[in-house]
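Thanks for making time this morning.

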Amino acid sequence: MADFSQQLASLREGIDELDTQLVELLAKRNEITTKVGQIKAQAGMPVYVPEREKALIASRRQQAEEMGVSADLTEDLLRRVMRESYHTQNNEYRCVKPDIDNVVVIGGGGALGRVFVSLFQRSKYNVSVVEKDDWENGNAQALLSNASLVIVAVPINLTEAVIKRLTMLPDNCILADITSIKAMPLNAMLGVHKGPVVGLHPMFGPDAPGMIKQVVVVCNGRQSGKYEWLIEQMRIWGATVHNSSAKEHDEAMAYIQVMRHFNTFVYGQHLKGENPNLDSLTMFSSPIYRLELAMVGRLFAQSPQLYADIIFNNPDNFALLRRFYERFGLALSLLESGDKKGFVEQFMKVGGWFGDYAKKCLVDSKQLLLKADDGQLLRDK
């Protein structure tokens, strides 16, 4: 037994030494990626280059297979390392439009507004923030009257009212909003401002460190050539830009946001009414169910006003929720009548509608669940 203990201790020392070398290699890699970031900033190159990342991953996977190492493990490790380097190597970005005198972010002190303020500042733009008090003391009037770009980053319920106050903007000023709905603010901006107008929807929350690998939806309003530099600036920040009409965007958001948030609200409300022990639920949950429960809990850790605004904003969406309610009732009737065959038939029809996307989800979710299980996600022990 003593001999086995000595062998084990020696092997553990070897592992510790290798782990130390791994950390040292990460530090050296970080030094190089920092220099890469500096060169990209000077040259105005995008932070994220999909083709480069894809080629690197493929090359390292092949190397791993040749050396008898798990290619999936290698890819997971590299993606985590690269994600960290994307966010640490870029303290500055190239300024696409140096002659822009003043960028004004209305609501720049808010969560998502601060992200935009930071990105513009890191690109060396002159950035000003307008908050509630600035309207009362006259600062807003002064800043907005000389603005080159104004971004409205206020809560949904305030967006239209704020936009209607922007009558003092110079004709050549670009007016944009970053609200998660687009038709209403875009129409309001077109109505109040004669100059360039664009609707933006950053498809990420304020907890994102920036725009790297994030999608920004662009809804063209007026004089798109005048704000093309802004779109290019977001690409340099790492964003993937998706052009859409406001109508198409809002119709999609009805399913992506309104229906999902309302469904989660009802699920949380039901849990509260049933009052199960949350510790027991998490203890007996596999990773997939812990993740699903986490998404419910996540909603209720945030602003109720935000989600109320999203859900209540467009009464046209209520009909969609009513149809969802009716289909829930039809599904429940299958259970109450004992119609297992009918349930299976409906299940197969839905699976057919999802098609190959369902299979892709199965594969991708397995990788996600392995990571969740490794970290004992949302378990106390």
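Predicted model: local features only at pLDDT ≥ 70, side-chain atom pairs only at ≥ 80, totals over all residues.

The contact between domain 2 and domain 3 draws on 10 residues from domain 2 and 8 residues from domain 3.

How much area is buried between domain 2 and domain 3? The value comes to about 700 Å², and carbon and sulfur atoms give 50% of that. On the side of domain 2, the residues that lose the most area to domain 3 are I156, S180 and I181, which together account for 50% of what that side buries. As for specific interactions, the count of salt bridges between domain 2 and domain 3 is 0, while 2 residue pairs are found in polar contact across that interface, both at pLDDT 80 or more. Two helices of domain 2, α7 (156–164) and α8 (183–192), each supply at least two residues of the side that touches domain 3. By residue class, that side of domain 2 divides into 5 nonpolar, 3 polar and 2 charged residues.

Let me turn to the charged pairs. In general terms, side chains of opposite charge can pair when their charged atoms come close. Over the whole structure, a search finds 14 salt bridges. One of them joins the side chains of R61 and D72, with an N to O distance of 3.1 Å. This pair links distant parts of the chain, with R61 in helix α2 (residues 50–66) and D72 in helix α3, 11 residues apart. R61 has a relative accessible area of 23%, so it is classed as partly exposed, and D72, at 38%, counts as partly exposed as well. R61 and D72 also belong to a network of salt bridges that links E53, R61, D72, E75, R79 and K213.

Why are K164 and E160 separated by about one helical turn? The reason is that they are 4 residues apart in helix α7. Here K164 is exposed, with a relative accessible area of 55%, whereas E160 is partly exposed, at 33%. A further salt bridge joins E228 and R235, where the closest N and O atoms are 3.7 Å apart. E228 is partly exposed at 40%, and R235 is partly exposed at 32%.

Most residues other than glycine have a negative phi. K213, however, has a positive phi of about 65° although it is not a glycine. K213 sits in the loop between β5 (197–202) and β6 (215–222), and its relative accessible area of 40% makes it partly exposed. K213 and E84 are 129 residues apart in sequence, yet their C-alpha atoms are 12 Å apart in space. E84 itself is placed in helix α3 (residues 71–88) and is partly exposed, with a relative accessible area of 41%.

N275 also has a positive phi, of about 55°, although it is not a glycine. Its place is the loop between α10 (246–274) and α11 (278–283), and N275 is exposed, at a relative accessible area of 62%.

Leaving aside neighbours within four places in sequence, P185 is in contact with T159, I163, D177 and T179. P185 and L200 are 15 residues apart in sequence, and their C-alpha atoms are 10.0 Å apart in space.

Definitions and conventions. Residues numbered from 1 in each chain as written. Heavy atoms only, no water. Contact = heavy atoms within 4.5 Å. Buried area = accessible area lost by both parts, 1.4 Å probe. Salt bridge = Lys/Arg side-chain N within 4 Å of Asp/Glu carboxyl O. Polar contact = N/O pair within 3.5 Å; in protein donor to acceptor, adjacent residues only side chain to side chain. Nonpolar A, V, L, I, M, F, W, Y, C, P; charged D, E, K, R; others polar. Buried < 20%, exposed > 50% of the residue type's maximum accessible area, 1.4 Å probe, protein only.
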